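Biologist: I would like to learn how to read a structure, beginning with the surface and the charged side chains. Can we go through one together?

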Amino acid sequence: MMATHSLNLLPKAFPPTLASSLRPNLLRFDSTRHRRSRRQNLSIRSVFTGIVEEMGHVKDLGLADHGGGGFDLKIGARVVLEDVKLGDSIAVNGTCLTVTHFDTEAFTVGLAPETLRKTSLEELERGSLVNLERALQPVSRMGGHVVQGHVDGTGVIVSMEAEGDSLWVKVRADKALLKYIVPKGFVAVDGTSLTVVDVSDEDSCFNFMLVAYTQLNVVIPTKKVGQKVNLEVDIMGKYVERLLLSMNNNTPQENKG
């Protein structure tokens, strides 16, 4: 098992005073830029299946060299580098990120402040394992479900219990996300396409089971109770909700006497 992550994407070499001074800038919220980014995210650039291709490891992370206030994340990998190009999309723990540099052993992606606010990537540290998946090609098999790499939010692992060689994992999620999660439905946890077993509205939790093979090939079993996981709910639920709301809003109101 790995040590609890706590770096918040600031290099360990940074003095505490510098880390403290950077944090408020990282979390500053610019509503104009936020609205613009939300409009841009409405277009789907890449699609994933939630079938993890390999586990990479964080080699380095810290402030980007260009000085624009973002962060760079360098990840050691093998499989996803086979045909990588600059500008390619790779899902890192289920977060769609753009390759800005690569060599024969690693690739680098940029992280914007909004990405850190919305995902669990801020908990990474050097040596952390991460799930990796390249964007889907038209000829690829759809082994999981349609995953956009647009993380909806984070959940917290509340229990991990073994049953034979299987592992039961329970995750607490915000009720705003839990409403889209249904028994026997799909959910992407750290970019891994999983089938939901049970949902408890009372506890605001859902659970899933990892078979032995999956445990060896994704990062979830390396985490501890209390750590965050990235969640992306099935996009179909959000489409249905939007359609129903639109239909209700367009229903003619009865004439009042």
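Biologist: Is R117 buried, partly exposed or exposed?

Modeller: First, the background. This is a predicted model, in which local features need pLDDT of at least 70 and side-chain atom pairs count only at pLDDT 80 or more, while totals for chains, interfaces and linings use all residues. Residues are numbered from 1 along each chain as its sequence is written, and side-chain values use heavy atoms, with hydrogens and water left out. Buried means under 20% relative accessible area, exposed over 50%, and partly exposed in between, with a 1.4 Å probe and protein chains only. R117 has a relative accessible area of 32%, so this residue is partly exposed.

Biologist: Which residue forms a salt bridge with R117?

Modeller: Side chains of opposite charge can pair when their charged atoms come close. The term salt bridge is used for a side-chain nitrogen of Lys or Arg within 4 Å of a carboxyl oxygen of Asp or Glu. The partner of R117 is E114, with the closest N and O atoms 3.0 Å apart. Helices (H or I, at least four residues) and strands (E, at least two) are DSSP runs, numbered from the N terminus. R117 and E114 are about one helical turn from each other because they sit three residues apart in helix α3. E114 has a relative accessible area of 25%, so E114 is partly exposed.

Biologist: Which parts of the chain does the salt bridge between K179 and E241 tie together?

Modeller: In that pair, N and O are 2.9 Å apart. K179 is in the loop between α4 (175-178) and β9 (186-189) and E241 is in helix α6, so the bridge ties together parts 62 residues apart in sequence. K179 is exposed, at 51% relative accessibility, whereas E241 is partly exposed at 27%.

Biologist: How many salt bridges does a search of the whole structure find?

Modeller: The search finds nine. One of them joins R126 and D60, whose closest N and O atoms are 3.1 Å apart. R126 is in the loop between α3 (113-118) and β6 (129-134), and D60 is in strand β1 (residues 54-63), so this pair links distant parts of the chain, 66 residues apart.

Biologist: What share of the residues counts as buried?

Modeller: Of the 257 residues of the chain, 43% do. The chain has six helices and 13 strands.
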